[in-house]
Amino acid sequence: MEKDSKIYVAGHRGLVGSAILRRLQAAGFTRLLTRTRSQLDLRDQAAVDAFFAAERPDYVFLAAAKVGGILANATYPAAFIYDNLEIQNHVIHAAYRYGTQKLLFLGSSCIYPRLAPQPLKEEYLLTGPLEETNQWYAIAKIAGIKMVQAYRRQYGFRGISLMPTNLYGPGDNFDLQTSHVLPALLRKFHEAKVDAAPRVVVWGTGAPRREFLHVDDLADAALFLMEHYDGEEIINVGVGEDLTIRELAELIKEVVGYRGDIVFDTSKPDGTPRKLLDVSRLHQLGWRAKIPLREGLAQTYAWYLEHQAEG
Ligand code: GDP
């Protein structure tokens, strides 16, 4: 990419898109294109087409998606499958049609079979049944991966797909009904500290294992791979280490400085038991995560304290 290439970041207000935008700005790219949802609804094919016809971006980071935690996926399955299929179909097709040189598509670690061997290698895609709770989202993302591969095969379109592990960081969703576990627990422990509450309720058994990558690391990997990788195979992006939800809760309790108890609500689902990514392919390509979890948690907690009034 040249510093004056026209680069469209779809979803620039989200956790991932905003981090990619910051990273591109920091790297000195000057022609960054963005549109808010009210300016451009990516589920509207005619609007997406008109936008690409007028702007003809050279590069596209497709970070727009409907995302959410375990409860949001269970509550809005139709929105998760429809919105994501629409958004990615329209953007990928328009990018191909209007001469985009390269597009980066973001998937998710939930595309892998629920009980695949760990750590998850890229080739485990479509080798077994999916986790029930987020299958709608996963199916849409798998369709996106296949679409990017199909456009490369049939049209020579240069699309690449990254599979990030669970992400967190500034700009995350802290709504307890729809968020992922990490921001939910930061908020729960913070509020319990402020209210001097005796306990914090954590969903599930605490036994599932999750891997967490700071979104600034993901944005760095996205820029790196956009510039240095051009292949059909999907690439996992993670840190290569995980911890249990119980260990995460204890770490967050410490970072927040809460002194009460942790209790587990086992009426809530655990979701998939483990989804640790195998990141050897990423390491071979020359990229590694840099932000340690404790440091990233402290930084995200500071961001939350500064911005909670806005939520
Ligand atoms: P997942 O990674 O797709 O399963 O999505 P989540 O990040 O929402 O959940 C990860 C794990 O954390 C699941 O086992 C949840 O039951 C557990 N968990 C514990 N407390 C919470 C909470 O307050 N919110 C959420 N979203 N998950 C929680």
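Modeller: Strand S1 (residues 6-10) pairs with S2 in the parallel sense, over three bridges. Two strands count as paired if DSSP finds at least two bridges between them. Strands (E, at least two residues) and helices (H or I, at least four) are DSSP runs, numbered from the N terminus. Within this pairing, Ile7 has Leu32 of S2 as its bridge partner.

This is a predicted model, in which local features need pLDDT of at least 70 and side-chain atom pairs count only at pLDDT 80 or more, while totals for chains, interfaces and linings use all residues. Residues are numbered from 1 along each chain as its sequence is written, and side-chain values use heavy atoms, with hydrogens and water left out.

Two helices belong to the picture. Helix H1 (residues 15-26) lies across S1, S2, strand S3 (59-62) and strand S4 (102-106), and runs at about 155 degrees to S1. Helix H2 (residues 45-55) packs on the sheet and touches S1, S2 and S3; its direction makes about 160 degrees with that of S1. Contact here means heavy atoms within 4.5 Å. Axes are lines fitted to C-alpha atoms, for helices over the stretch in contact, and angles run from 0 to 180 degrees between N-to-C directions.

The sheet itself is open and has six strands, in the order S2-S1-S3-S4-S5-S10, with parallel pairing. At its edges are strand S2 (31-33) and strand S10 (235-237), each of which pairs on one side only. On average, neighbouring strands of this sheet are turned by 20 degrees against each other, direction ignored.
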